[in-house]
Structure formats: structure tokens, C-alpha cells
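Let's walk through a protein chain together, one step at a time. Have the sequence and the 3D view ready, and follow along as we go.

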Amino acid sequence: GGPVPAGQIDSLRDAVYAAISELKTTDIEKKQLELKAEHEKQLIGLERKFQKQLTEARRKNEQLIETLRQTYEEEVESLKVQKHEAQQALKKVESEREAKRNEVEVLQSRMGTLQRDFELRKEHAASLHRQSELICDFLSRMPEPGTGAGNAVKSELMGLNTGTADRYGLFSQNLPPRSSQGR
């Protein structure tokens, strides 16, 4: 071996540079593939973590919805019971009101009957009072015999007359005054 021609050295140098360059490129591509693989692993890990969190959030959400549904149904049932109780109480009050209304009507009817009866008795008492006044007036005009029997009847009639009038309040009304002749 002798000296190597300069063209071969250049070509050998170019070949070495090309091989080094290719080696660097391959090394860079390998590092890029490793980085890409690492990123993909991280992405897969993040996706798994996200899916796990999403599943957990859905589970919690479903639990909350179920709890709300149960609470809502319990409140609805409670309101139904309260509504039923209120309706029963209303029916009872309506029934009691109707009974009281009937009782009031009966009492008003009785009161009217008693009032009419009282008025009739009052008129009757006034008539009896007037009759006794007329009899007393008649007896007072009669000549008195010596027996005194007329005076006893007259006194008894006068006592009955006053008691009847007071019982029915006739003296408080405007009745014709009794005649004072012969008294």
C-alpha cells in the first residue's frame, strides 16, 4: 500500500460524513420515536385517568339523581298524605257546619214558634186584663149591699188583674187605662 489518492480520501471522507450524518439522523429519529412513544403512553394514561374520573363522576351523579328521586317521591307521598288528611278534615268541618246550620234552622223555627206563642199569650192576657177591668168597673158601680160579698169578689179580681198584667209586661205597653170611677 502506497499512498491513497486524494480523490479516494475525499470520497472516503464524504462516505464517513454521510454515515455519521445518517447515524445522527437515525439517532434523532430513534429519540423522536421514543419521545412519541412516551407521549402516547402519557396520553393513554391521561385518557384512562379521564375515563376513570368520568365514570366516577357519572356514578356519583347517578347516586345524587337517585337520592333526589327518592327524596322527591317521599315528599310527594307526604304531600299526598297531608292532602288526604286536609280533605278529611274539610269534610268533617263541612259536615259539622251543615249540622250546625240545620240546628240553627231548627232553633230559629222554635224561636219563631215560641215568639208567636208568647204574642198570643200576651194578647190573651191583655184581653183578660181588659175584661177584668170592665168587670171591676161594673162591680164598682153596683150598689153595695151590706153583705160585703161584692167587695171580696172585687178585691180578688183586682189582684188577679194586676198579677196577669205584670207577668206579661202589659203595664209597660200603652193599654187603655182602667177606669177610676168608683174606686
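Let's begin with burial. Buried residues make up 8% of the 183 residues in this chain. Here, buried means under 20% relative accessible area, exposed means over 50%, and partly exposed lies in between, judged with a 1.4 Å probe and protein chains only. The chain exposes about 15,700 Å², and 59% of that area is supplied by carbon and sulfur atoms. Such accessible areas come from the Shrake-Rupley method with a 1.4 Å probe, and for residues only the protein chains shown count as cover.

A word on what you are looking at. This is a predicted model, in which local features need pLDDT of at least 70 and side-chain atom pairs count only at pLDDT 80 or more, while totals for chains, interfaces and linings use all residues. Residues are numbered from 1 along each chain as its sequence is written, and side-chain values use heavy atoms, with hydrogens and water left out.

How confident is the predictor? The chain averages a pLDDT of 84, and 77% of the residues score at least 70; pLDDT is the predictor's confidence in each residue, from 0 to 100. Over residues 172-183 the pLDDT is below 50, and beyond near neighbours in sequence this stretch has 23 contacts in the model. A contact means heavy atoms within 4.5 Å. Where pLDDT is low, the predicted coordinates should not be read in detail.

Now for the overall build. The chain has two helices and zero strands; helices (H or I, at least four residues) and strands (E, at least two) are DSSP runs, numbered from the N terminus. Helix H1 covers residues 6-141. At 1.5 Å a residue, its 136 residues should span 202 Å, and the end C-alpha atoms of H1 are 192 Å apart, which agrees. The expected span is 1.5 Å times one less than the number of residues in the helix. Among contacts in the chain with a separation of 6 or more, 70% are between residues 24 or more positions apart.

Which residues of H1 are buried? They include Lys122, Ala125, Ala126, His129 and Ser132, along with Glu133, Cys136, Asp137 and Ser140.

Next, let's look at charges. Side chains of opposite charge can pair when their charged atoms come close. The structure holds 10 salt bridges, each being a side-chain nitrogen of Lys or Arg within 4 Å of a carboxyl oxygen of Asp or Glu. One of them joins the side chains of Asp10 and Arg13, at 2.4 Å from N to O. Asp10 and Arg13 are three residues apart in H1, so about one helical turn separates them. An α-helix has 3.6 residues a turn, so residues three or four places apart point the same way. Asp10 is partly exposed at 36%, and Arg13 is partly exposed at 41%.

Arg69 is partly exposed at 36%, as is Glu66 at 32%. Glu66, Arg69 and Glu73 are linked in a network of salt bridges.

Glu133 is buried, with a relative accessible area of 3%, whereas Arg130 is partly exposed at 34%.
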